[in-house]
Amino acid sequence: MTLPSDLTATTAALLAPGKGLLAADESFPTIGKRFDAIGISSTEENRRAYRELLFTTPGLNEFISGVILFDETMRQKIGDVSMPEFLARNGMVPGIKVDGGTEALPGSKAEKITKGLDGLPHRLAEYRRLGARFTKWRAVITIGDDLPSVTCIDANADALARFARLSQEAGLVPIVEPEVLMDGNHTLARCEEVTNTVLKNVFVTLFEHRVTLDSLLLKTGMVLPGKDSPHEATLDEVAEATVRCLRDAVPSGVPGIVFLSGGQSDIAATERLNAICQHEDLPWKLSFSYGRALQDAALKTWHGQSAHVAAAQGALHHRAACNSLAVQGKYSVEAEHAAV
Ligand code: 13P
């Protein structure tokens with residue numbers, strides 16, 4: 001694949017029908033947690049070997065249009081080919097997480113602001129030279145008794161908009177990700193209300209910063225009850241609340257919305273995506289940009305053993321195939337249990 005040359009071509013490539021994104025952009029602390037869970041030490045070579053396993057999965061490009069990388073991975077190689085070049089040669093657009101993680105929001109005990117605007121134009125230019133064609137910035141919003149605060153919503157929207165504008169100026173399609181966390185015991189309705197408020201605020205701020213809507217993707221969570229909520233929501237309830245919220249808050253000029261998995265089980269993330277994508281007449285394309293929900297089974301299967309690489313790749317291929325069906329509203333129990 002020749003890398004897309006401009007924002008429009010990149011957006012179209014990322015939103016190829018039936019395909020979604022693989023988020024493999026875990027920062028050092030996050031990949032450390034994932035490796036700890038399976039007893040592997042987070043060395044540079046282990047991280048490289050794991051990302052090589054993911055990206056060399058045979059047939060991955062049937063379901064994956066783009067891969068979000070972390071800074072270190074951008075500079076690592078598969079054989080003598082750089083990771084971004086390897087992805088591009090195999091028909092997947094390389095992208096890069098450019099935020100610097102979160103820190104405490106000044107004046108707040110529980111809320112976070114995302115770092116990374118200092119020096120960003122310089123880093124963006126370098127990433128484009130290294131082959132990236134899109135970027136991601138994640139803001140986190142916590143739901144609690146008096147949370148989120150207006151200050152937190154505003155500060156994060158401002159950073160997202162500045163990131164998005166700078167990315168577009170650098171020839172990179174921004175993925176704007178305001179993640180409303182699943183932590184807490186809030187209801188589905190409360191998640192919908194907060195997600196709606198956050199998204200509206202983000203889009204007003206994007207407009208103020210003259211961000212071009214047709215050259216960005218929104219990455220958001222589904223509308224779900226908090227993970228400690230005593231109430232379970234049905235697939236239909238989740239799909240209806242999510243679609244209602246997005247219709248109300250996301251301008252129709254946005255070309256695509258991709259969902260994060262946010263700590264849902266991998267199968268739940270596929271089932272809910274399928275239910276959401278069965279809704280018709282939506283103005284934007286919908287797809288996935290999953291980290292854990294694509295990688296969990298592969299990571300557990302691999303367990304750091306080279307003898308397990310093929311089985312781990314089979315697990316990733318299967319999840320990617322199921323999510324591809326879900327994007328088309330065609331996922332089923334039979335597809336889930338089909339031979340890997
Ligand atoms: P999860 O799907 O694991 O939530 O990760 C997606 C992501 O990129 C978070 O920024």
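1. Starting with the rings: there are 6 aromatic pairs here. The cut-off is ring centres within 6.5 Å for Phe, Tyr and Trp (its six-membered ring), with planes under 30 degrees apart called stacked, over 60 edge-to-face, and the rest tilted. One of them is phenylalanine 35 with tyrosine 50, edge-to-face at 5.7 Å centre to centre and 80 degrees between the planes. Phenylalanine 35 sits in helix α2 (residues 28-37) and tyrosine 50 in helix α3 (residues 44-55), so this pair ties together parts 15 residues apart in sequence. Helices here are DSSP runs (H or I, at least four residues), numbered from the N terminus.

2. A word on what you're looking at. This is a predicted model, where local features need pLDDT of at least 70 and side-chain atom pairs count only at pLDDT 80 or more, while totals for chains, interfaces and linings use all residues. Residues are numbered from 1 along each chain as its sequence is written, and side-chain values use heavy atoms, with hydrogens and water left out.

3. Back to tyrosine 50, which also pairs with tryptophan 302: the centres are 5.3 Å apart and the planes at 25 degrees, so this one is stacked. Tryptophan 302 belongs to helix α11 (residues 292-302), so the pair with tyrosine 50 of helix α3 links parts 252 residues apart in sequence. Phe35, Tyr50 and Trp302 make up one aromatic cluster.

4. Buried means under 20% relative accessible area, exposed over 50%, and partly exposed in between (1.4 Å probe, protein chains only).

5. On to the cysteines: the disulfide count is 0, the rule being two cysteine sulfur atoms within 2.5 Å. Cysteine 191 has its nearest cysteine sulfur, that of cysteine 245, 7.6 Å away. For cysteine 322 the closest is in cysteine 277, at 14 Å, too far for a bond. Both cysteine 191, at 4%, and cysteine 322, at 2%, are buried.

6. Last, the ligand. It has 13 residues around it, and Lys136, Lys219, Ser261, Gly262 and Arg292 come nearest; the cut-off is a heavy atom within 4 Å. Ligand oxygen atoms lie 2.5 Å from a polar side-chain atom of serine 261, 2.7 Å from a backbone N or O atom of glycine 262, and 2.9 Å from a side-chain N or O atom of glutamate 177. Taken alone the ligand exposes 300 Å², and the protein buries 92% of that (Shrake-Rupley method, 1.4 Å probe).

Terms used: Helix = DSSP H or I, 4+ residues; strand = E, 2+ residues; numbered from the N terminus. Polar contact = N/O pair within 3.5 Å; in protein donor to acceptor, adjacent residues only side chain to side chain.
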